[in-house]
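I am opening a notebook on a structure that is new to me. These entries set down what I looked up, one topic after another.

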Amino acid sequence: MPTRIPKPEDFDHLSSSLKTSLVFPEVPETTTAILILFHGLGDSDAPFATFARNLNLPGVLAISVRGVAPLPPALLGLPDAVSSGPTRHFHWGDDLNLSTTGGGGLDPDPGFAKAERLVLGKLIRETLIENCGWDARDILLFGFGQGGSLALGLAARLRDSAAVVDVTAGDRSAADVDVAFKGVVSIGGPLPNSMVSTVSSRQKARTPVLLCHGRASEDLDDDAVEAVKKEFADVREVKWKKSDDGMPKNREEMLPIMQFFADRLRSGW
């Protein structure tokens, strides 16, 4: 089917299960790519919609997605009174488990089956690809922390699921099934083992990846970076001077991300 620019009403059927905030280019008709953003543990879609608006990538429709489950305020050290009002804190996992590696933190890999079903199944495949005619190769993913893990996992799962997708759109053949996104940026988020295929003969995923992290990252350490390189054919790593994995706060930290976006937007896929 011909590609068309998504409209807000195209996402209405998702409203009960997946909240999205849309940021269109100044001239929506110039849209040539889509950027999907995933916030970190305990955040929501609103700040990342603002981030996308500040990025102002030319010809890019940004879709900031809210986590699939609320996070109890107590886990964030917030007063009990906060829990009486609407929560603004969400996460992407199937459950909330304490990490087995110590430190008392939450397990970085709680399972992402629900998020995969809603984001990859409903938002990307059903809404953007089937209903609006876009290719996975038109779509960029950006995630922070747990959201970065989800983004990497979705790219890995896209490769794994492409062979079994029922191709029903127009004149597409099985050879045309999308097996890669345009690119993925993960800030501080490792690839979750729960989203890695157990098929030993699998080929590396073709989605280009940019990993950004601090020099003392706890979750995206050397082993975690190697795990991503084992699954993806094109992995670029940026180790910031700062120790933590916080969102970029200056031009030096943001520059490699903007260069990656520019490179991928110039690319033919």
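**Entry 1: Classes and ground rules**

I am working with a predicted model, in which local features need pLDDT of at least 70 and side-chain atom pairs count only at pLDDT 80 or more, while totals for chains, interfaces and linings use all residues. I number residues from 1 along each chain as its sequence is written, and side-chain values use heavy atoms, with hydrogens and water left out.

**Entry 2: Confidence**

I looked up pLDDT, the predictor's confidence in each residue, from 0 to 100, and found an average of 89 for the protein, with 87% of the residues scoring at least 70. Over residues 163–176 the pLDDT stays under 50, and for this stretch the model has 12 contacts beyond four places in sequence, a contact being heavy atoms within 4.5 Å. I note as a caution that where pLDDT is low, the predicted coordinates should not be read in detail.

**Entry 3: Overall build**

I counted elements as DSSP runs numbered from the N terminus, helices being H or I with at least four residues and strands E with at least two. The protein has 5 helices and 9 strands, and from the N terminus on their order is β-β-α-β-β-β-α-β-α-β-β-α-β-α. Of the contacts with a separation of 6 or more, 77% are between residues 24 or more positions apart. For burial I used relative accessible area, with buried under 20%, exposed over 50% and partly exposed in between (1.4 Å probe, protein chains only); buried residues make up 49% of the 269 residues.

**Entry 4: A buried strand residue**

Leaving out residues up to four places away in sequence, Leu-37 touches Phe-48, Phe-51, Ala-52, Ala-62, Ile-63, Ser-64, Val-65 and Phe-142. The C-alpha atoms of Leu-37 and Ser-64 are separated by 4.7 Å, although the two are 27 residues apart along the chain.

**Entry 5: Two loop residues**

Most residues other than glycine have a negative phi. Asn-56, which is not a glycine, has a positive phi of about 50 degrees, and I located Asn-56 in the loop between helix 1 (45–55) and strand 3 (60–65). With 59% relative accessibility, Asn-56 counts as exposed.

The other loop residue I looked up is Asp-244, between strand 9 (235–239) and helix 5 (251–266), which is partly exposed at a relative accessible area of 40%. Setting aside neighbours within four places in sequence, Asp-244 is in contact with His-213 and Gly-214; Asp-244 and His-213 are 31 residues apart in sequence and 7.1 Å apart in space, C-alpha to C-alpha.

**Entry 6: Salt bridges**

I took a salt bridge to be a side-chain nitrogen of Lys or Arg within 4 Å of a carboxyl oxygen of Asp or Glu, and by this rule the count comes to 13. Asp-10 and Arg-4 meet in one of them at 2.8 Å, N to O; Asp-10 counts as buried at 15% relative accessibility, whereas Arg-4 is partly exposed at 31%.

Arg-159 and Glu-231 form another, with the closest N and O atoms 3.1 Å apart. This pair links distant parts of the chain, 72 residues apart, with Arg-159 in helix 3 (residues 146–161) and Glu-231 in helix 4 (residues 222–231). Arg-159 and Glu-231 are both buried, and they belong to a network of salt bridges that also links Glu-116, Arg-157, Asp-160 and Arg-202.

**Entry 7: The largest pocket**

How many residues line the largest pocket? I found 35, of which Pro-108, Gly-188, Pro-190, Glu-218 and Asp-219 lie nearest its centre. Helix 3 and helix 4 are the elements that give two or more residues to this lining, and the largest share, 3 residues, comes from helix 4. By class, the lining has 13 nonpolar, 13 polar and 9 charged residues. For the term itself, on a 1 Å grid over the protein atoms alone, a pocket is an open set of points where a 1.4 Å probe fits, with protein on both sides within 12 Å along at least five of seven lines, and lining residues have an atom within 4 Å of a point.

Key
Nonpolar A, V, L, I, M, F, W, Y, C, P; charged D, E, K, R; others polar.
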